[in-house]
Amino acid sequence: MSIANGAASPSTTLVEVRNLKVHFPIRRGLLRRQVGAVRAVDDVSFDVYQGETLGLVGESGCGKSTTGLAMLKLQAATAGSVLFRGQEVTTLPEGQMRQLRRHMMMVFQDPYSSLNPRMTVGSIIGEPLSVHQIGEPSQRPARVKELLRMVGLNPAFINRYPHEFSGGQRQRVGLARALATSPAFIVADEPISALDVSIQAQVVNLMGDLKAELGLTYLMISHDLSMVRYISDRVAVMYLGKIVELGSRDAVFDHPMHPYTRALMSAVPVANPKLERQRKRIILEGDVPSPARPPAGCRFNPRCVFAKDICRQQEPELRVLEISDGVEHRVACHLAEELAV
Amino acid sequence: MTHLLEVKDLVTRFYSDGATIHAVNGISYTLDEGESLAIVGESGSGKSVGVMSIMGLIRFPPGRVEGGEVLFKGRDLLKLSPDEMRAVRGGEISMVFQDPMTSLNPVLSVGQQLMEPLRAHLGLDKAAARARAAELLSLVGLPNAAERLKDYPFQFSGGQRQRIMIAMALTCNPSLLIADEPTTALDVTIQAQIVELVKELQERLNTAIIWISHNLALVAGMVDKVIVMYSGYIIEQAPVDDLYEQPAHPYTMGLLHAIPSLDQRNQERLASIEGMPPDLRKAATACPFAPRCPYVIDRCLQEVPPLRAVGPNHTSACWRAEELRKIHNFGEEL
């Protein structure tokens, strides 16, 4: 059983992201006047369906983590809206937001810096319970032990400190903390990338089991495409603050339509020497441009071998090209139809 | 035929907080001219410490190379004086490190940094060094090389900085290049650029390469042979195709199963390796992988299995290598 369980039906939308923008101002000079903005997330729209795992992939600086943070209002949005079960998150006052937060939690990348070294794992996992006043204080230790058991840790470890655990175990503690309030939606930002290969599979399998057991919905942010293919029902690919392709896992991985997605896929090495030697890689020229000065038109055009005049002039929309596996396959490329042939 | 590099029974230990860390426990391997070798392992496997020991980069305290020989072109590097070793480093053997952000000096221009080894090792004058530095930068695919010599590291992107590091490593036409996770800090599309560059340079310059990585997929297409390390031991060594097609150690098999493949519709549960990496503070008295091995037998808990031949140029440190290979490769039941 994997984390992906074919639950990607648009029947119920849990989170709706519309025209989300997160811009960070660039200030210069004595008066700290704003001279520009880093457009980390620039007009992004997508839905997260109830019970699915949506993989959000892209290279560093593409805005995938900022998107995740803005969805939980851990980062203020510049514009746009995020609806969680129909409720607007971006403008919600902090008091009400706190009540909503117990339903939407985050798992962080680095299990070393995201756990307070001076707190026992018992108090780390129990903190969300007391913050949200869930259950009687006397019952909380029992709940913490139950959570430890759920993530595969010995409940007797309740009084230990984070430094007594390995990286994989700490990530389990991070998961237990996120699950303490029985959330519906979890944003996991690179949850396995700091772990060793043999430990990664343990954590991924655990996340899959928990999802099935608790009916969770995941937004899985990752740069590891093989792992995203394994765990996601649907996949969104980001480049320079924009979603360039969005569709079912198999549609995006088996026939990617955006030239960037194709290059990204071809750059991922596979553990098969004969195949690797024969593979023809699409090697992208140059680096990702600065999100403070994104190119005009399609943001990928300076690195795209297919770029035409229209790509340099007009920004492509993320439009539906086909329905695959029951969900829309969207691509933001003027030439998608031509290139598909 | 003598080998370019012959490592024999190399032992490196670290001493800290009253504990002894058994980082490298008697590893041996050879590398020929122009050959490429990958050393693969997880953190703490000893893959980096192993090559740092070869390069004389282990400082005491806390670490010390305590045994073995490192014959490079017939000379034992472990017996060289610090000055002699310095001449070898950056001369005949050079190294590229993981993090291109911190391995360059931020207050010197890249030109100055590139010219330094040219003048120190090759004794070039300033003008000749500058010309050669520009040549090296264009060799690694940096546009406008001559003009960019005066730029500082922060003016380059991560991928470009790693190209500069590679240019620096190539300054003295080394016969051996050691690359320690050179692409780990980079994005996949930039990683692909760097891998192509190194492969191309290797063909052109016929440099032998040791490529250190935690990523079995990454090295698959780029080396001749692979060493897998675990807990400071070499547990398997094989020509690249053999290792991926007929692995002969349960740890290698486990690693290969634990990585999902991009080209497969993988719906099954990932085969994870249960348990945790070993505690290096204790000297091994049994197979270090035994506590995590699904195929463990009594013998595994009694003695450290030696690395032994299981095929042409293929060695494994597992008592049950032959039978496990049958299960793994032909799906036979035990």
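A:Leu14 is buried, because 21 other C-beta atoms lie within 10 Å of its own; a residue is called buried if 20 or more other C-beta atoms, placed from the backbone, are found within 10 Å. The model is predicted, so local features need pLDDT of at least 70 and side-chain atom pairs count only at pLDDT 80 or more, whereas totals for chains, interfaces and linings use all residues. Residues are numbered from 1 along each chain as its sequence is written, and chains are lettered from A and ligands numbered from 1 in the order in which they are written.

A:Leu14 belongs to strand β1 (residues 13–28) of chain A; strands (E, at least two residues) and helices (H or I, at least four) are DSSP runs, numbered from the N terminus. Residues up to four places away in sequence aside, A:Leu14 touches A:Val48, A:Tyr49, A:Gln50, A:Arg85, A:Ala184, A:Phe185 and A:Thr217. Two residues are in contact if their C-beta atoms, placed from the backbone, lie within 7 Å.

Attention now turns to the contact between the chains. Chain B contributes 39 residues and chain A 37 residues. On the side of chain B that touches chain A, the elements giving two or more residues are α7 (188–205), α8 (216–220), α9 (240–245) and α10 (250–258) of chain B. Of these, α7(B) gives the most, with six residues. The residues of this side of chain B comprise 19 nonpolar, 13 polar and seven charged. Here Ala, Val, Leu, Ile, Met, Phe, Trp, Tyr, Cys and Pro count as nonpolar, Asp, Glu, Lys and Arg as charged, and the others, Gly among them, as polar.

Definitions and conventions
A residue is buried if 20 or more other C-beta atoms lie within 10 Å of its own, exposed if 12 or fewer, and partly exposed in between; C-beta atoms are placed from the backbone.
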